[in-house]
Amino acid sequence: AYAGAGTSARLAVQDGTELTPTYGWPRERLVFLVAGGSEALSHAIEGAEDDAGAGAAAADAEALGSADVLVGVSASGRTPYTVGAVERARRSGALTVGIANNAGTPLIAAAEHPVLIDTGAESIAGSTRMKAGTAQKAALTLFSTLVMIRLGRVYDGLMVDMVANNAKLRARALAMLSEIAGADGASAQAALDAAGGHVKLAVLISRGLGPEAAQALLDEHGGDLRHALAALGK
């Protein structure tokens, strides 16, 4: 889950939205707590960021708890909505991360894992979409990428958890099958079809497993293709 207001919220939504098509992250495990709601992503909703209670209520509405992670983003580190969401989520047992561009601020204090990006004053005072926003985007990209790598959703720099559901992605999936499993042409296409477009399954199918056995092996190894291939001995 991500929480933020204004520019910070828009950057958080941009980062989170990419997790499903790139890494196959379940959509039901992705939520955005945005001050002012979805309308605020394209229009400024004045005053929405000042409501700490709304942030806390948003965290409650999503029932964030011990199985969840909330990343709060605020350039100032003082945005009441974001701080309220992080404080409530942390009290409810969620792991909380706070990304801020100012030290000694409430978000840094509220989050279990504070991340300070001290970018200093903007060349246009208060325009946090500039230095602060650029740094936030880099931090969010680094964080989400490393999380997905550690979860086994990347194999040798390849997005093996994507689902090939359009022509571009099918071509990319076939290229991955060729690189990882040495399969190409009709055999690669057959494996991808049998796997329903799921690259990890297709790799294991191309190594001689049936779809059910391939899924069972992946499940046994927590979805980690590297470990599954090692267990297969190939």
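In the second largest pocket of this predicted model there is about 360 Å³ of space, where a pocket is an open set of points on a 1 Å grid over the protein atoms alone, each a place where a 1.4 Å probe fits, with protein on both sides within 12 Å along at least five of seven lines. Grid points are joined across faces, edges and corners, and a volume is the space filled by probe spheres set on the points.

Lining residues, those with an atom within 4 Å of a point, number 24 here, and A5, G6, T7, E49 and T79 are the closest to the centre of the second largest pocket. Helices (H or I, at least four residues) and strands (E, at least two) are DSSP runs, numbered from the N terminus; α1 (6–17), β3 and α4 (80–91) each supply at least two residues of this lining, and α1 gives the most, with four.

Now to the largest pocket, whose volume is about 420 Å³. Its lining has 19 residues, with A1, W25, R29, D68 and V69 nearest the centre. Here β3 (69–74) and α6 (131–150) each supply at least two residues, and the most come from α6, which gives four.

As for classes, Ala, Val, Leu, Ile, Met, Phe, Trp, Tyr, Cys and Pro count as nonpolar, Asp, Glu, Lys and Arg as charged, and the others, Gly among them, as polar. The lining of the largest pocket holds 14 nonpolar, one polar and four charged residues, while that of the second largest pocket holds nine nonpolar, 11 polar and four charged.

A note on conventions: residues are numbered from 1 along each chain as its sequence is written, and side-chain values use heavy atoms, with hydrogens and water left out. Because the model is predicted, local features need pLDDT of at least 70 and side-chain atom pairs count only at pLDDT 80 or more, whereas totals for chains, interfaces and linings use all residues.
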